[in-house]
Amino acid sequence: MIHPLRQWFRLAILIPLVCCFQVFAQAPTESTGQVESLKESVLTLNRDLLILEEELLYPASSQVAVYVSMDLGTYFALDAIKLEIDNKLVASELYTDKQTKALFRGGVQRLYLGNLKTGEHEISAFFTGRGPQQDYKRGAKIVISKDQEPVVLELRIVDSSAQLQPVFEIKQWQM
């Protein structure tokens, strides 16, 4: 008679334990789903905060953005660019081979994003690099009139097959 009671007692203890183990076994999968959902929410919130921060720091009425692009690169291998606005250095970049190859393949790099007051401003870019015959250190300059619209500039490095050398120019995009 004691023996059947022991088995029943063991079953009475084991059944809740098995149920608890099943709950704990399921909890990590449920919590993993919750963690993944939480990660998604954090990433979305982070993206929204970065967009809001950019809008607050660089309002469209005073925003200026400068991008770099290259064409082919037969006559020029880019080493560095310095960007000045009103004779003040605002950006400089040293380029690796990987970065210049990305520009050759059609990539565009944002070199500078900042604010400008309304009025006239002188933008100067200085390009340093190597050519097939010589090293280059050239510059390009543009004077812009800033109003309430954002300004987008492109520093272009283009091969000139007529001159057999690179051409450096600054192009203002219309918004």
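**View 1. Arg-130 faces Asp-135 across a pair of strands.** In this predicted model, Arg-130 stands opposite Asp-135 of strand 6. Strand 5 covers residues 119–130 and strand 6 covers residues 135–146; the two run antiparallel and are joined by 12 bridges. Together, strand 5 and strand 6 make a hairpin, with 4 residues between them.

View 2. Phi of Asp-86 is near 55°, a positive value in a residue that is not glycine. For Asn-87, also not a glycine, phi is positive as well, near 60°. Asp-86 is partly exposed, at 33% relative accessible area, while Asn-87 is exposed, at 62%.

**View 3. Ring pairs link Phe-76, Phe-127, Tyr-136 and Phe-168 into a cluster.** The model has 3 aromatic pairs. In one of them, the ring centres of Phe-76 and Phe-168 are 5.0 Å apart with their planes at 80°, so this pair is edge-to-face. Phe-76 sits in the loop between strand 1 (63–70) and strand 2, and Phe-168 in strand 8 (residues 165–173), so the pair ties together parts 92 residues apart in sequence. Phe-127 and Phe-168 form a stacked pair, 4.8 Å centre to centre and with 25° between the planes. Phe-127 is buried, with a relative accessible area of 0%; Phe-168 is buried at 12%.

**View 4. Lys-171 meets the ring of Trp-173.** The charged end of Lys-171 sits over this ring, 4.1 Å from its centre.

Note on methods
Residues numbered from 1 in each chain as written. Predicted model: local features only at pLDDT ≥ 70, side-chain atom pairs only at ≥ 80, totals over all residues. Heavy atoms only, no water. Buried < 20%, exposed > 50% of the residue type's maximum accessible area, 1.4 Å probe, protein only. Pairing = 2+ DSSP bridges. Phe/Tyr/Trp six-rings, centres within 6.5 Å; stacked < 30°, edge-to-face > 60°. Lys NZ or Arg CZ within 6 Å of the ring centre and 35° of its normal.
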